[in-house]
Amino acid sequence: MSTTASDPLAALGALPGVPDAVDSVRKAVDRVYGHRVMRRRSNEVTAEAALRGSRGSAALAGADWNLEEVRRRTDFSGEDEARTVGAALRLTAEAGQLLSIWRQSPLRVLARLHLVAAGGAAPDDAVGRPRLAGEPVDEPLIETPLPGADEVAGRLEGLSRLIIAGSAAPALVTAAVVHGELLALRPFGSHNGLVARTAERIVLIGSGLDPKSICPAEVGHAEQGRAAYVAAFEGYTAGTPEGMAAWITHCGRSVELGVRESTAVCEALQRGAA
């Protein structure tokens with residue numbers, strides 16, 4: 001597919017700094033997939049990556065728990081932070097089940113993700129559908145102007161068409177754009193950040209870059225910090241080549257930090273310490 005207006009995502013892959021980020025991510029992912037532990041215990045690495053990714057996504061949403069607390073807790077129905085962590089865990093568990101549907105109907109997947117995240121915490125008629133005009137949005141981390149309901153509907157449809165049509169763009173670019181667009185739109189009344197980061201995960205898995213889901217970008221987003229996440233996202237919303245490149249590069253660094261986390265898990269399993 002050529003880098004033309006018919007494939008706008010592919011053009012982003014040529015922005016300054018983006019090819020280097022794409023290459024760096026690919027090399028990092030290849031290294032962890034080549035780890036000797038992955039030949040025998042990849043399921044354990046996947047499970048640990050899911051837990052750590054969930055913790056990272058919840059931290060960005062305001063529930064910055066340590067990993068052992070997330071591992072220990074069984075009841076997530078209490079205070080707001082517990083419900084946020086529970087939502088992140090449910091979304092991570094759901095992500096791998098939705099790959100085939102994502103390629104055919106991304107909007108159905110997004111509706112399902114919001115339903116899973118809400119877990120009965122929102123009014124029934126507001127769950128699993130884009131917000132209507134005048135409906136509030138609870139997303140304290142992101143403070144950019146909120147698009148109107150009509151704009152949300154149009155841009156969601158455009159995003160869906162791009163995903164279904166496919167692109168020559170690297171997986172990192174597509175994942176970053178899906179993540180950034182969902183953050184910018186905040187299409188649901190709640191849990192938009194959690195849903196956006198899960199959608200990024202789905203793209204990275206489904207593209208073949210991270211088929212075993214062992215490179216949790218959410219870990220890297222959290223490690224770089226909320227301020228850096230917001231600053232990079234503001235580059236996306238600015239829409240300039242420099243801003244878009246900065247957001248894609250930030251997402252690439254997040255994947256690399258997720259790789260580093262899973263490499264440490266592999267090393268611990270090899271030593272018999274995990």
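Let's start with Thr 198, which counts as buried because its relative accessible area is 5% (buried is under 20%, exposed over 50% and partly exposed in between, with a 1.4 Å probe and protein chains only). Thr 198 belongs to helix α10, residues 192-206; helices here are DSSP runs of H or I with at least four residues, numbered from the N terminus. Beyond its neighbours within four places in sequence, Thr 198 is in contact with Leu 91, Ala 95 and Leu 113, where contact means heavy atoms within 4.5 Å.

A quick word on the model, please. It is predicted, so local features need pLDDT of at least 70 and side-chain atom pairs count only at pLDDT 80 or more, while totals for chains, interfaces and linings use all residues. Residues are numbered from 1 along each chain as its sequence is written, and side-chain values use heavy atoms, leaving out hydrogens and water.

Now to the largest nonpolar core. There are 80 residues in it, and Trp 102, Leu 110, Trp 247 and Val 255 touch the most other members. Such a core is a set of buried Ala, Val, Leu, Ile, Met, Phe, Trp, Tyr and Cys residues joined through side-chain atoms within 4.5 Å. Val 255, for one, touches Val 25, Val 29, Leu 172, Leu 204, Cys 215 and Ala 217, not counting residues up to four places away in sequence.

How do helices α9 and α13 pack? Their angle is about 110 degrees, with the axes 9 Å apart; axes are lines fitted to C-alpha atoms over the stretch in contact, and angles run from 0 to 180 degrees between N-to-C directions. The two are therefore roughly perpendicular, a label for angles of 65 to 115 degrees, with under 35 roughly parallel, over 145 roughly antiparallel and the rest oblique. On the α9 side, the contact includes Leu 172, Ala 176 and Leu 183, and on the α13 side Met 244, Trp 247 and Val 255.

Compare that with α3, residues 38-60, and α11, residues 217-224: here the angle is about 40 degrees and the axes are 7 Å apart. That makes α3 oblique to α11. Among the residues that meet are Arg 52 and Arg 55 in α3, and Glu 218 and His 221 in α11.

Last stop, Val 85, in helix α5, residues 80-95. Is Val 85 buried or exposed? At 1% relative accessibility, Val 85 is buried. Setting aside residues up to four places away in sequence, Val 85 touches Ala 58, Ala 63, Trp 65, Val 70 and Phe 76.
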